[in-house]
Amino acid sequence: MTREIRGRLEGRVAIVTGASRGIGRAIAQVFGREGAKVVVNYRRERRKAEEVVEEIRGFGGEALPFQADVGDPGAVEEMVEESVEAFGGVDILVNNAGVSMGGGPLLEFNEEEYDPMWRVNVKGVLHCTRAVAPHMMERRYGKVVNIASIAGLGTALLPGNMLYASTKAAVIILTKRLALELGQYGINVNAVAPGLIRTEMGMGYQRAAEQAQRLRYFEEKSILRRIGEPEEVANVALFLASDEASFITGQVITVDGGRIDFITHSL
Ligand code: NAP
């Protein structure tokens, strides 16, 4: 087998949550290509997670699929323990798993939609980070990369995403507070805030008219006049997970093609 690994993460062990498709899949692939041993976490789609693992092994890398619901602290602990056992430690955690369950205007607020979204998007970040932290603290090395959203920065002001936005705003403040708490142990915590990205979630509006309107909104608001690809987020996650970003912590990097509304706001 030809070994094509290039090595920006050579020798590192990374857990990528929600890596069976979309942005998480692209992150797992690029990490594997750069030499990391990758735990490809998923919740439901085992076949797809196995495909990602096969791709990584195909270019000479090491990877394992691992089923765990990030909202379940016991399952997360087990995933981390087994990752440590299989690969000897955990150096990098990407908290990517997320769900977007709609939620309309205030008067339609509905806990049945909100609670599961909070459980995965916010508590998932806490469960996973808490489970890896002792291992990283012991070795005085760790990189945590959270996948937030520009919605959490107060833009992407679409009807129907207010509640999702609030979970991503929570991820942003957790990024800063966890960076503050863990920095003394040599652990960097940063976030990527993507704009609209071509994934199942990004393209997932059921009604074609709504989807078209959403696409138009994002294309018009982006300086580059387009939506993004999963690899464009993965490349930034790679940078933040690598030692090239060794003096960066508590930061949120937007990957959204540049927002026209941010520029006008600052003038
Ligand atoms: P996606 O295509 O829907 O993929 C979501 C992934 O998360 C899948 O692998 C899914 O696994 C996994 N997942 C969902 N719930 C989980 C849970 N409880 N435990 C473990 N894994 C779980 O989403 P995406 O667009 O790639 O989004 C990835 C992240 O980027 C999310 O945090 C999202 O909020 C954020 N984001 C996305 C966009 C966008 O436009 N796409 C923009 C900004 C931010 P299974 O399928 O195996 O269940």
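User: Which elements each supply at least two residues of the lining of the largest pocket?

Analyst: In this predicted model, helix H1 (22-33), strand E2 (37-42), H5 and H6 each contribute at least two residues to that lining. The volume of the largest pocket is about 1400 Å³. Its lining comprises 48 residues, and those closest to the centre are Gly98, Val99, Ser100, Met201 and Gly202.

User: How does the lining of the largest pocket divide by class?

Analyst: There are 21 nonpolar, 17 polar and 10 charged residues in the lining of the largest pocket. Gly98 and Gly202 are among the residues closest to the centre; both fall in the polar class because Gly is counted there.

User: Which residues line the largest cavity, and of what classes are they?

Analyst: Its lining consists of Thr17, Val70, Asn95, Asn96, Ala97, Val120, Asn121, Gly124, Val125 and Cys128. By class, 5 are nonpolar, 5 are polar and none is charged. H4 gives the most to this lining, with 5 residues.

User: Why is Ala156 called buried?

Analyst: Buried means under 20% relative accessible area. Ala156 has 3% relative accessibility, and therefore counts as buried. Ala156 is located in the loop between E5 and H5, and its phi is near 55 degrees, a positive value in a residue other than glycine. Another such residue is Arg140, with a positive phi of about 50 degrees, in the loop between H4 and strand E5 (142-147).

User: What is Phe218 in contact with, beyond its neighbours within four places in sequence?

Analyst: Phe218 is in contact with Ile150, Ala156, Leu158, Leu196, Ile227 and Arg259. The term contact applies because heavy atoms lie within 4.5 Å. In the largest nonpolar core, which has 45 residues, Phe218 and Ile15 touch the most other members. Elements giving two or more residues to this core include strand E1 (13-16), helix H4 (111-139) and helix H6 (208-221). The largest share, 9 residues, comes from H4. Another core, of 35 residues, lies apart from this one, with Ala19, Ile23, Ile56 and Ile92 among its members.

Definitions and conventions: Residues are numbered from 1 along each chain as its sequence is written. This is a predicted model: local features need pLDDT of at least 70, side-chain atom pairs count only at pLDDT 80 or more; totals for chains, interfaces and linings use all residues. Side-chain values use heavy atoms; hydrogens and water are left out. A nonpolar core is a set of buried Ala, Val, Leu, Ile, Met, Phe, Trp, Tyr and Cys residues joined through side-chain atoms within 4.5 Å. Buried means under 20% relative accessible area, exposed over 50%, partly exposed in between (1.4 Å probe, protein chains only). Helices (H or I, at least four residues) and strands (E, at least two) are DSSP runs, numbered from the N terminus. On a 1 Å grid over the protein atoms alone, a cavity is a set of points where a 1.4 Å probe fits but cannot get out, and a pocket is an open set with protein on both sides within 12 Å along at least five of seven lines; lining residues have an atom within 4 Å of a point. Grid points are joined across faces, edges and corners, and a volume is the space filled by probe spheres set on the points.
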